[in-house]
Amino acid sequence: MNAIGTPMKRREDPKLLTGEGKFVDDIQVAGQLWMGMVRSPFAHAKIESIDASAAEDAPGVHAVYTGAQLQEMELWIAPLPCAWPVTDDMVNPPHFPVAAEEVHHVGEIVAVVLADSRYEAADAAELVVVDYEPLPAVASIEAAVADEATAHSELDSNKAFHWPLIPDPEALDAAFANAVHTVDARFVQQRLIPAPMEPRGVLAIPSPHGGEITLYSATQVPHILKVMIAATSGISEAKLRIIAPAVGGGFGAKLNVNPDELLAVTLANRLGRPVRWTEPRSEAAFSTHQGRGQLQHIELAADADGKLTGVRVHIDADMGAYMMLITPGVPLLGSFLYTGVYDVPAFGFTCEGHFTNLTPTDAYRGAGRPEASYAIERAMDLLALEVGVGPDEIRRRNFLAGGEAFENLDVASTLTFDSGHYGPNLERALELADYEGLRAEQKRRRDAGERIQMGIGLCTYVEICGLAPSRALGGLNYGAGGWEHATVRLLPTGKAEVVSGSTPHGQGHETSWSQIVGDKLGIDPADVTVLHSDTAISPLGLDTYGSRSLSVGGVAIAAACDKVVEKAKLIAAHSLEASPDDIQFEAGVFSVAGSPDQTVAIQEVAFGAFTAHDLPDGIEPNLQEQVSFDPPNFAFPFGTHVAVVDIDEETGEVRLTDYIAVDDCGNQINPMIVDGQVHGGIVQGVAQALWEEAVYDDDGNCQNPSLLDYLVPSAAEVPSIVTDSTITPSTNPLGVKGVGEAGTIGSAAAVINAICDGLSPHGITDMLMPATPQRVWRAINDAKGGAA
Amino acid sequence: MKVEMTVNGESRSADVEPRTLLVHFLRDDLGLTGTNIGCDTSSCGACTVHIDGESVKSCTVLAVQADGADVTTIEGLAGGGELHPMQEAFMECHGLQCGYCTPGMVMAATSLLSENPDVDEAGVREGLEGNLCRCTGYHNIVKAVLSVGGDGS
Ligand code: FES
Ligand code: FES
């Protein structure tokens with residue numbers, strides 16, 4: 001049987017297509033109380049007083065709690081967690097679910113209303129009168145670096161940490177001292193609002209007499225949430241059950257431990273009533289972390305042929321107001337990738353984290369890696385200009401291993417790349433894009449002086465996924481491991497159940513896992529049920545983020561299947577009266593070598609293991625095995641993206657006309673799902689390049705928190721995408737890498753490279769993201785020496 | 001206030017506050033939670049239903065405004081445990097990932113095709129402009145709608 005590698009239709013779909021799938025807000029329980037959040041209108045202020053009397057008297061209101069009252073109630077024993085204190089001396093001001101004395105960003109919660117309905121909760125929240133004394137706000141990363149005002153009154157600087165990775169400082173200095181060509185570039189990674197289509201939401205259901213408490217949350221990380229809520233609330237971990245029901249997209253936005261989650265659990269526990277909240281979209285800019293937010297400085301050193309000799313990078317990263325779950329670690333996830341797919345002898349990276357009075361930042365699709373690939377891929381185009389060769393040629397000259405296939409290659413950023421084969425991947429993308437043809441058309445338009453000019457951009461990215469070897473995470477001060485757990489059991493009737501610690505929110509895990517188990521056990525994938533996302537059913541797991549599910553969780557499932565087959569083989573040998581060494585297993589059937597008639601199906605073995613009437617001595621009943629797989633290395637997917645844009649030189653409008661992506665994520669379990677991940681990822685990266693930015697004024701107010709003003713693209717703004725793949729297996733047992741973030745990691749650089757390529761006749765070499773018509777028009781106008 | 005309307009072929013009525021949005025009436029009063037809410041500015045289309053055969057964002061309508069109307073939600077699109085051809089096409093073409101935008105997207109797409117059965121790719125993209133999806137990049141949604149073409153609704 002060969003389910004692996006086929007584009008099987010998703011078993012998840014029928015429920016989601018008919019409205020049968022249940023998201024958190026779809027679940028109703030009797031006696032529930034709705035939380036309404038009272039949020040600060042100031043980015044930085046002292047709370048002078050709070051008058052909740054009008055709200056308390058409003059219809060349907062059960063109670064109003066201020067931050068100070070909640071502290072007196074002792075609902076929690078620790079602040080909200082940061083699991084990644086990147087240095088021993090990292091500054092980490094305490095972050096409680098509700099501010100008691102001072103607020104540090106617009107939208108920080110200062111009081112919580114509990115009411116019978118969502119309408120009443122929202123109405124009453126408006127009636128709470130808060131008196132603030134505004135303080136100077138640090139409203140941008142630039143202001144944070146300048147350090148004239150501090151985001152937290154008790155701190156004397158905004159600087160949170162300094163993190164260096166400079167394996168050989170002398171070699172690095174020598175590379176720059178001896179360089180023939182250099183590039184010195186600065187880029188801005190604007191803040192982004194992740195905006196999964198399902199807003200976040202929570203529903204905590206207590207059991208007043210039993211003491212258990214169940215939290216439904218629109219989360220990517222029920223297992224991590226369980227540990228963290230236990231650690232912050234003091235509620236016994238054994239009494240907590242976390243369920244992520246159908247979850248409507250995450251992209252990192254649902255990878256956190258949020259004030260609302262801790263509030264719902266602790267208030268429900270204290271009051272003995274269900275407590276819930278659903279994030280209003282326009283609050284999401286304050287109540288859910290944002291992504292990116294970096295100032296990047298990258299320098300390249302190269303020899304006369306444009307071969308890289310050194311790369312030096314400094315990042316100033318905007319933490320926002322607080323360190324959330326992995327806020328400080330996000331830029332570090334990118335640190336290892338600033339040398340890209342290139343052979344770079346000397347490398348140095350430093351990162352400083354800074355507090356601002358803005359919504360905290362944290363993981364957003366790609367988390368550190370899109371930033372890194374953007375910087376190196378933009379810089380490579382600048383190097384091509386400097387050297388006087390094309391963007392394709394500069395890449396060919398610098399590929400690791402000369403563009404040839406490799407395995408286990410040490411790179412300058414101290415990691416070992418699992419496998420790669422960059423040359424053919426680039427050439428395939430150029431061929432698919434008809435690169436020569438595009439260049440000819442570009443030249444034609446330039447020669448004709450047409451109004452609509454063409455830009456062509458390349459990006460040859462590499463990314464890190466499969467987070468992660470637990471030891472490596474420990475070395476980076478990360479507070480948890482990177483293993484994943486799987487249990488596989490064959491039921492008496494021969495059907496299989498697999499329990500996975502990965503937690504899907506759109507990725508189609510149930511389908512892919514059934515393909516793996518089907519092949520491994522030799523049964524029909526339709527006979528495999530996949531259980532997940534409920535800590536009572538799947539007690540062990542580390543969830544879904546960082547494109548880790550397949551290369552860690554999928555490998556765990558495959559390994560658990562192998563163990564099941566191993567045990568089944570002993571039972572089969574016993575019933576076939578043969579030595580286990582003579583037993584063969586193929587397509588779900590055990591047979592004796594040399595006697596093809598003597599067979600027993602794995603389903604029959606499962607029944608025998610259940611009745612246990614005739615098991616070999618020392619063999620326990622039942623066929624169930626579990627594996628906690630800790631990957632020995634990360635996986636490093638790569639690919640080439642080609643973006644083609646039309647630029648209207650009179651209006652500055654940029655239109656993406658074609659997009660060609662050739663990704664290499666190793667072996668593919670379900671190519672249809674791989675393609676879908678690539679499509680969605682690409683559009684998110686294109687959106688960063690062209691439309692999206694959380695814009696703040698000088699007082700720290702987000703100017704575009706709603707979907708009316710924050711420009712998530714629609715179908716009308718993007719073209720169809722041409723995808724293809726090369727396959728370079730990873731070194732893990734399934735040969736798989738990961739693909740959830742690849743599209744986003746490749747696309748922003750490809751699009752901005754295309755715009756700069758199109759505008760190069762004007763001498764324009766850089767463009768801020770998002771490349772709005774106004775910015776593009778102004779750049780052209782300035783280049784022409786015109787007045788605005 | 002009392003409202004009465006036909007929802008998925010059945011007559012339904014309830015007492016609601018005058019300010020109750022149709023989407024909340026459908027979800028909270030009738031338990032039809034297939035219709036999702038993705039925003040508070042009528043921007044996302046997750047809440048799209050059919051009112052008297054036309055696709056409407058149900059967060060832009062008060063329940064009382066739909067009094068007497070004939071409303072179809074995703075739960076009533078096919079019925080009888082079957083999938084509508086548009087639902088089948090979404091499954092066939094992988095036009096959904098997390099599925100949150102999907103009910104609204106399917107409702108918008110069926111109405112688009114009934115208005116313009118011969119729509120081309122550009123027409124599908126324009127026609128679905130009011131429905132946001134964060135997962136699929138739209139590629140497979142567009143493919144699914146085009147695969148149903150003129151014979152779907
Ligand atoms: S919920 Fe109706 S348009 Fe977004
Ligand atoms: S499938 Fe997730 S938003 Fe469309």
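I took a salt bridge to be a side-chain nitrogen of Lys or Arg within 4 Å of a carboxyl oxygen of Asp or Glu. I worked on a predicted model, in which local features need pLDDT of at least 70, side-chain atom pairs count only at pLDDT 80 or more, and totals for chains, interfaces and linings use all residues. Residues are numbered from 1 along each chain as its sequence is written, chains are lettered from A in the order in which they are written, and side-chain values use heavy atoms, with hydrogens and water left out.

I looked up the total and found 47 salt bridges over all chains. I then noted a network of salt bridges that links A:D25, A:D26 and A:R118 with B:R27 and B:D28.

**Entry: A:R191 and A:D318**

I found a salt bridge between the side chains of A:R191 and A:D318, at 2.9 Å from N to O. The pair links distant parts of the chain, 127 residues apart: A:R191 is in strand β8 (residues 181-192) of chain A and A:D318 in strand β14 (residues 308-320) of chain A. I read strands (E, at least two residues) and helices (H or I, at least four) as DSSP runs, numbered from the N terminus. A:R191 counts as buried because its relative accessibility is 6%, and A:D318 counts as buried because its value is 3%. For these classes I used under 20% relative accessible area for buried, over 50% for exposed and partly exposed in between (1.4 Å probe, protein chains only).

**Entry: A:R369 and A:E463**

I recorded a salt bridge between A:R369 and A:E463, whose closest N and O atoms are 3.5 Å apart. A:R369 is in helix α11 (residues 369-387) of chain A, and A:E463 lies 94 residues away in the loop between β18 (452-462) and α15 (470-475) of chain A. Both A:R369 and A:E463 are buried.

**Entry: A:E427 and A:R396**

I found the side chains of A:E427 and A:R396 in a salt bridge of 2.6 Å, N to O. A:E427 lies in helix α13 (residues 422-433) of chain A and A:R396 in helix α12 (residues 391-398) of chain A, so the pair ties together parts 31 residues apart in sequence. A:E427 is partly exposed, at a relative accessible area of 33%, and A:R396 is partly exposed at 29%.

**Entry: B:D52**

I looked up B:D52 and placed it in the loop between β3 (48-51) and β4 (54-57) of chain B. B:D52 counts as exposed because its relative accessibility is 51%.
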